[in-house]
Amino acid sequence: MLNSAWRRIVIKVGSALISPNAKGCSTRYLLAIARFISECRQQGCEVVLVSSGSVAAGRSAIAFAHQPLPINIKQAMAAVGQTEMMATWSHLFDFRCAQILLTHDDLADRRRYLNIDNTLRTLLANQVLPIVNENDSVATAELRVGDNDNLAAMVAIAVGADALIICSDIDGLYTANPRTVADARFVAQVDRITADIYAMAGESHHTIGTGGMVTKIQAADKATRQGVDTLIINGQSATSFDALLRGEKAGTLFVKQQDKRSAKKHWLLHSLKSQGSIMLDGGAAQALQFKGASLLAKGIIAVNGQFDKGDAIWLCDAEGKQLAKGICQYSATELQLIKGLHSLQIVDTLGFCPSEEVVHRDDIALTG
Ligand SMILES: Nc1ncnc2c1ncn2[C@@H]1O[C@H](COP(=O)(O)OP(=O)(O)O)[C@@H](O)[C@H]1O
Ligand SMILES: N[C@@H](CCC(=O)OP(=O)(O)O)C(=O)O
């Protein structure tokens, strides 16, 4: 059985596995990965796939022989390869897939971030497999995350994943690049990511991938700090997946630095500045405190301050006591109109309903 603590995971697949020859997509390695994803889902673990490969897959369609590839050429290659990559994955599953293309800004802007979060939650709740990639054909240099290892870490944090599994063309982290250093030793576990760990990382040996080991360590650094265990495994070998499905170790494990719930709670309570507050009736206050429920419009009795969708606000009881801080899905102006209403009435009142929850339970941190 898969690690039972993994209820939701993000799997990142590198270009070399999708388009090993940079001529369209190949199912050579993807079959075993797709089987692993299906098995994880059957065992009740939700999966978000972050797939590279659009540039590599589309490469042979655009005539350009020089290296490095300029951004406009990569953008054109990505436009061709992205559809081929999505079609290849879709054919490997007997459930439906959804394409999510992101830029750095989408994840940095809290309002857009909420939209992404809502979309991913809805897809997962409907058993659709989200397949995420950077929006390479439109993202300019300053808008890009730049590599899918870091993008996958950001997605893993956004969806509150329990683990991030980075599938590459190598068994995991070595003390140096084993393709150039003969006596490089395999590292099975990293308890803390220090400068010594970064010093082990070399570049990619081919021109298909982006970043080599450096971006994978950066990704592990980001994810483990936010409570996400991170693995780098060899996606070319079915034995890695078989081991994980038996609950055994595979590749290099970067151990999470804290519990993901305490990481999120700390971020909400201490890093986000509150922009306003709302007062809850007795039922909503009870549900929030003792049932871990989301906050619905029906339980709101008053709205204070001028805040926007995506801002952090205090959730207070009828006496004004701060019970929790949360990220609000609606602006103060919108909340004034929908407070006290049933969720089904939101669309009639505002003309839209981005979320039935005013504050989703995943975005609430109790003060007590
Ligand atoms: N210390 C290291 N340990 C393992 N691999 C390393 C190391 N330093 C550099 N590499 C290189 O990083 C490559 C994986 O990165 P990359 O080619 O970007 O893969 P992907 O396409 O999966 O993101 C390996 O094949 C290897 O050549
Ligand atoms: N977004 C790019 C992938 C960038 C990237 O990080 O590639 P890789 O190092 O192979 O994971 C693409 O789809 O080609």
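Asn-148 is buried, because 28 other C-beta atoms lie within 10 Å. A residue is buried if 20 or more other C-beta atoms lie within 10 Å of its own, exposed if 12 or fewer, and partly exposed in between, with C-beta atoms placed from the backbone. The model is predicted: local features need pLDDT of at least 70, side-chain atom pairs count only at pLDDT 80 or more, and totals for chains, interfaces and linings use all residues. Residues are numbered from 1 along each chain as its sequence is written, while chains are lettered from A and ligands numbered from 1 in the order in which they are written.

### The annotated binding site

Asn-148 sits in helix α7. Helices (H or I, at least four residues) and strands (E, at least two) are DSSP runs, numbered from the N terminus. Leaving aside neighbours within four places in sequence, Asn-148 contacts Lys-12, Val-50, Ser-52, Asn-133 and Glu-134. Contact here means that the C-beta atoms of two residues, placed from the backbone, lie within 7 Å.

An unreviewed UniProt entry places the feature "binding site" at Ser-52, Asp-136 and Asn-148. These residues are spread over 97 residues of sequence, yet they cluster in space, with a largest C-alpha distance of 10.8 Å. UniProt positions are given in the numbering used here, feature names are shortened, and annotations may be inferred rather than shown by experiment.

Asp-136 belongs to the loop between β4 (129–134) and α7 (148–158). Asp-136 counts as buried because it has 23 C-beta neighbours inside 10 Å. Beyond four places in sequence, Asp-136 is in contact with Ser-54, Val-55, Lys-74, Gln-75 and Ala-78.

### The two ligand shells

Ligand 2 is surrounded by 16 residues, and the closest are Ser-15, Ser-52, Ser-54, Val-55 and Asn-148. The elements that give two or more residues to this shell are α3 (54–58) and β4. Helix α3 gives the most, with three residues. A residue is near a molecule if its C-beta atom, placed from the backbone, lies within 6 Å of it.

Ligand 1 has 24 residues around it, of which Gly-14, Ser-168, Gly-202, Ser-204 and Gly-209 come nearest. Here α1 (15–18) and α9 (212–225) are the elements that give two or more residues.

### Sheet and cores

An open sheet of eight strands runs in the order β3-β4-β2-β1-β5-β7-β8-β6, with mixed pairing. Its edge strands are β3 (97–102) and β6 (189–190), each pairing on one side only. Two strands pair if DSSP finds at least two bridges between them. Strands β5 (residues 163–168) and β7 (residues 229–234) pair in the parallel sense over six bridges. Ile-166 has Ile-232 as its bridge partner in β7.

The largest nonpolar core holds 67 residues, and Val-10, Leu-49, Ala-152, Val-155, Ala-156 and Leu-164 touch the most other members. Such a core is a set of buried Ala, Val, Leu, Ile, Met, Phe, Trp, Tyr and Cys residues joined through C-beta atoms within 7 Å. Leaving aside neighbours within four places in sequence, Leu-49 is in contact with Ile-11, Val-13, Ile-37, Leu-129, Pro-130, Ile-131 and Val-132. A second, separate core of 28 residues includes Leu-288, Ala-312, Ile-327 and Cys-328.

An unreviewed UniProt entry also places the feature "domain: PUA" at residues 276–359. The end C-alpha atoms of residues 276–359 lie 13 Å apart, and the span is 26% helix and 31% strand.

### Backbone details

A cis peptide bond joins Gln-67 and Pro-68, with omega about -5°. Pro-68 lies in the loop between α3 and α4 (71–91).

Ala-22 is not a glycine but has a positive phi of about 55°. Ala-22 lies in the loop between α1 and α2 (30–42). With 19 other C-beta atoms within 10 Å, Ala-22 is partly exposed.

Gln-127, also not a glycine, has a positive phi of about 60°. Gln-127 is found in the loop between α6 (110–125) and β4. Gln-127 counts as exposed, with 10 C-beta neighbours inside 10 Å.
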